[in-house]
Amino acid sequence: MTELIDGNVHAANVRARTKVRAEAFAASHGRKPRLDVVIVGNHPASRAYVSTKTKMAHETAIDGRLIELPETVGKDALLAEIARLNADPAVDGILVQLPLPDHLDGQMMIDAIDPAKDVDGFHPMNVGKLFTAAKIDPEQMLIPCTPLGSLMMLVDTLGKGALSGRNAVVVGRSNIVGKPMAQLLLANDCTVTIAHSRTRDLPAVCRQADILVAAVGRPEMVKGDWIKPGAVVIDVGINRVATADGKSRIVGDVATAEAMGIASYITPVPGGVGKMTVACLLHNTVVAAEARARG
Ligand code: NDP
């Protein structure tokens, strides 16, 4: 029997806890925690993501604002916008929605964000803290949202301490998902393997995993027979594929139907990790607001 890890339920719990904190913050500081999301251009998926983020922010007692800049905005104008938000004491969290148009360097923009307001957790200073801290504490640090949400679901599902000593395989080594995910699993005492496009015999590597995280961006690449019986599978992938009727649907990086009956737990796509990503962004916004208020 494979149980689904319901991202909607986990995310609702995180948002409920975050809302209580946001309301307490507003009561003691006379303003809500504030998240400013910067979007450049008209990328349809990015537009959908940012409107979900600001809508969820409002539902969580956070002042979520959208700053829309044209596709043609130049490097200096975008840097000036980030500098303005850095300098505004009422702004607690800044998120520049990626990917940016080709003429803009995403890492340059991330580097320009005040690390104390970097609610995506992508600034090199926050990345450095994640990789060097003696103890990783999501209440004290700004941790990338997708890996943080994935870890929270694992801990909530298996129980605190249950990750210790388990073999974890993370497929994908991006800065936003794979690497921080591996670091969080390591901090929870897993024995971690990071796999990528050059990994030899990937199915055999995956079959070693008690915990298998797929963050690849290839529809249903991880097959049922890559999964160790009883493994916990976290499917980070979000891939839009065409259907026979000329429409499209979203699938993950794991062939979920094949995994059923083999894995012990699996996150569905949609309705899994994606929900937690937004919830953790709101969590990070409140963490940033509280830390800034403490000074
Ligand atoms: P990237 O494209 O940045 O990284 C993909 C990684 O997968 C790379 O490390 C790449 O290896 C590896 N890879 C690609 N092809 C293969 C292969 N055939 N075998 C093994 N490894 C392979 O993607 P992201 O990390 O940004 O995103 C991964 C997925 O997660 C995407 O589907 C994305 O949409 C989704 N996502 C979901 C989020 C959510 O909220 N649920 C949030 C962010 C992302 P190499 O380094 O060698 O090229």
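Me: Which residue in β8 stands opposite I211?
Reply: This is a predicted model, in which local features need pLDDT of at least 70 and side-chain atom pairs count only at pLDDT 80 or more, whereas totals for chains, interfaces and linings use all residues. Residues are numbered from 1 along each chain as its sequence is written. Strand β7 (residues 211-214) runs parallel to β8 and is joined to it by four bridges. In β8, the residue opposite I211 is V232.

Me: Which strands stand at the edges, each with a single partner strand?
Reply: Strands here are DSSP runs of E with at least two residues, helices are runs of H or I with at least four, and both are numbered from the N terminus. Two strands pair if DSSP finds at least two bridges between them. The open sheet has six strands with parallel pairing, in the order β1-β11-β8-β7-β5-β6. One side of each edge strand is left without a neighbour in the sheet, because each has a single partner; these strands are β1 (3-4) and β6 (191-195).

Me: Is R173 exposed, partly exposed or buried, and why?
Reply: R173 is one of the residues listed by UniProt as "binding site" in an unreviewed entry; such annotations may be inferred rather than shown by experiment, and their positions follow the numbering used here with feature names shortened. R173 sits in the loop between β5 (167-171) and α7 (178-187). A residue is buried with 20 or more other C-beta atoms (placed from the backbone) within 10 Å of its own, exposed with 12 or fewer, and partly exposed in between. R173 has 18 C-beta neighbours inside 10 Å and therefore counts as partly exposed.

Me: Which residues is R173 in contact with, leaving aside its neighbours within four places in sequence?
Reply: Contact requires that the C-beta atoms of two residues, placed from the backbone, lie within 7 Å. With neighbours within four places in sequence left aside, the contacts of R173 are G178, K179, I194 and H196.

Me: Which residues does I238 touch, not counting residues up to four places away in sequence?
Reply: I238 is also in the UniProt "binding site" list of the unreviewed entry. The residue lies in the loop between β8 (232-235) and β9 (239-242). I238 is buried because 20 other C-beta atoms lie within 10 Å. Residues up to four places away in sequence not being counted, I238 touches I250, V269 and G274.

Me: How many Å apart in space are Q107 and H123, C-alpha to C-alpha?
Reply: Q107 belongs to helix α4 (residues 106-112). Q107 is partly exposed because 13 other C-beta atoms lie within 10 Å. In sequence, Q107 and H123 are 16 residues apart. In space, their C-alpha to C-alpha distance is 8.4 Å.
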